[in-house]
Amino acid sequence: MSAAFPMAAELMPAQHRRTYSAIYEMALAASFTVVPFIGGLLAGNEYAFRFLALPGGLAITVVPVLIYFVLPESPRWHLRKGHAQTAVDTVNRIITRCGNRVPPLTVAELGDTSASSREQLPPYSALFAPGQLRWTTVGILSGVCAGTAYFLISVLLPKALNDQGFAVSASLGLTSIVYAASFFGKGFTGFLMEIIGRRWTIAYALTGSLPGLVLMLLAHRAGDYAGVAMVAGGLIIGFTVLSAFTATRVYLSEQFPTALRGRGHIFGESFGRLFAGGLAPFLMEPHTGSAVIFFGTIFAIVAIGAFIPLAFGRETVGQLETVTEAVPALA
């Protein structure tokens, strides 16, 4: 799932990355909506886990075909392998699909490509070098805060609702509603990215979820309207914080120059998930029965996450190579 965003940065102009990211994330939202919905229908079936595992197993019949016949490799990768003609063909295919706005490339124009085949990527330590450390940190922390909210909701929300008095099927049903809202929210987030920029879009997505989290936190005090408050809060957080990844993933990829982007983005998502998808749910699992602790913790995390890119980051639209303030990133 992570590799798609460095690929978009490699193969697409800046204004197309938001559309690609929105479509990609909306596809994920559709799948995340279906899973808890089916889970709710099968909650009393002892073989439910097998039915839920079946679509993942069937992917092996589809994904290899797409990778081999449809997905192009980065032209720079082909150059490093000494396949100059293949690299040129890939570039020319991109030029054609973009409307032939520039002349086709030829192998002769590349000149001597032997140096490209011996090119060495910078070490992982370059992610933390002077001039790059700040952008690496900002990109990762933006993803960590949004990711923590996402994983606490996706992994623990059904359990939290059940511990707080909802039936199992109702808990899974509400989770499905939350993800259904994120389908539309991710499209809207992609729309905003080119209007107000990546940073302000991330801030909107995270701060916009705060009213929804307050409704869910106080729902148990709403009496007969507890269910309404919980559903309303779920719709709000689905449309906002669960939709932040359309922006946060593109923003993370744009924190790194070309030579660092592949490993930088993968490292950023991997490091972020150690906390967001591993440590945070582990620490919060004993407290899912408390609405104040569970939803209050998410509230605090997203409030901090909205502040980070605005205070410490900068806008990156179309600035893939300019990631430092004054010195080259790989100096």
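Because the model is predicted, local features were considered only at pLDDT of at least 70 and side-chain atom pairs only at pLDDT 80 or more, whereas totals for chains, interfaces and linings use all residues. Residues are numbered from 1 along each chain as its sequence is written, and side-chain values use heavy atoms, with hydrogens and water left out.

The protein contains 15 helices and zero strands, where helices (H or I, at least four residues) and strands (E, at least two) are DSSP runs numbered from the N terminus. Its C-alpha atoms fill a box of roughly 75 × 45 × 35 Å along the principal axes. The radius of gyration is 22 Å, which agrees with the value near 20 Å that a compact globule of 331 residues would have; the radius is taken over C-alpha atoms, and the globule rule is 2.2 Å times the number of residues to the power 0.38. Of the 331 residues, 42% are buried, a class defined by a relative accessible area under 20%, with exposed meaning over 50% and partly exposed lying in between (1.4 Å probe, protein chains only). Among contacts (heavy atoms within 4.5 Å) between residues at least 6 apart in sequence, 78% join residues at least 24 apart. The protein exposes about 16400 Å², of which carbon and sulfur atoms supply 69%, the areas coming from the Shrake-Rupley method with a 1.4 Å probe.

With Lys and Arg counted as positive and Asp and Glu as negative, and with His and the chain ends not counted, there are 21 positive and 17 negative side chains, and the centres of the two sets lie 1 Å apart. Side chains of opposite charge can pair when their charged atoms come close. The structure holds eight salt bridges, each being a side-chain nitrogen of Lys or Arg within 4 Å of a carboxyl oxygen of Asp or Glu.

One of these salt bridges joins the side chains of E285 and K159, at 3.3 Å from N to O. E285 lies in the loop between helix 14 (258-284) and helix 15 (291-312), and K159 in helix 9 (residues 133-163), so the pair ties together parts that are 126 residues apart in sequence. E285 is partly exposed at 35% relative accessibility, and K159 is likewise partly exposed at 31%. A further salt bridge, between E254 and R198, has an N to O distance of 2.8 Å. Since E254 belongs to the loop between helix 13 (245-253) and helix 14, and R198 to helix 10 (residues 168-207), this pair ties together parts that are 56 residues apart in sequence. E254 is buried at 1% relative accessibility, and R198 is buried at 0%.

R273 is partly exposed, with a relative accessible area of 33%, whereas E269 counts as buried at 9%. The two residues are four apart in helix 14 and are therefore separated by about one helical turn. Salt bridges that share partners join E25, K186, R249, E269 and R273 into one network.

Finally, R221 is located in the loop between helix 11 (210-218) and helix 12 (226-239), and counts as exposed because its relative accessibility is 67%. R221 and Y47 are 174 residues apart in sequence, and their C-alpha atoms are 37 Å apart in space.

Key
The place of a charge is taken as NZ of Lys, CZ of Arg, CG of Asp or CD of Glu.
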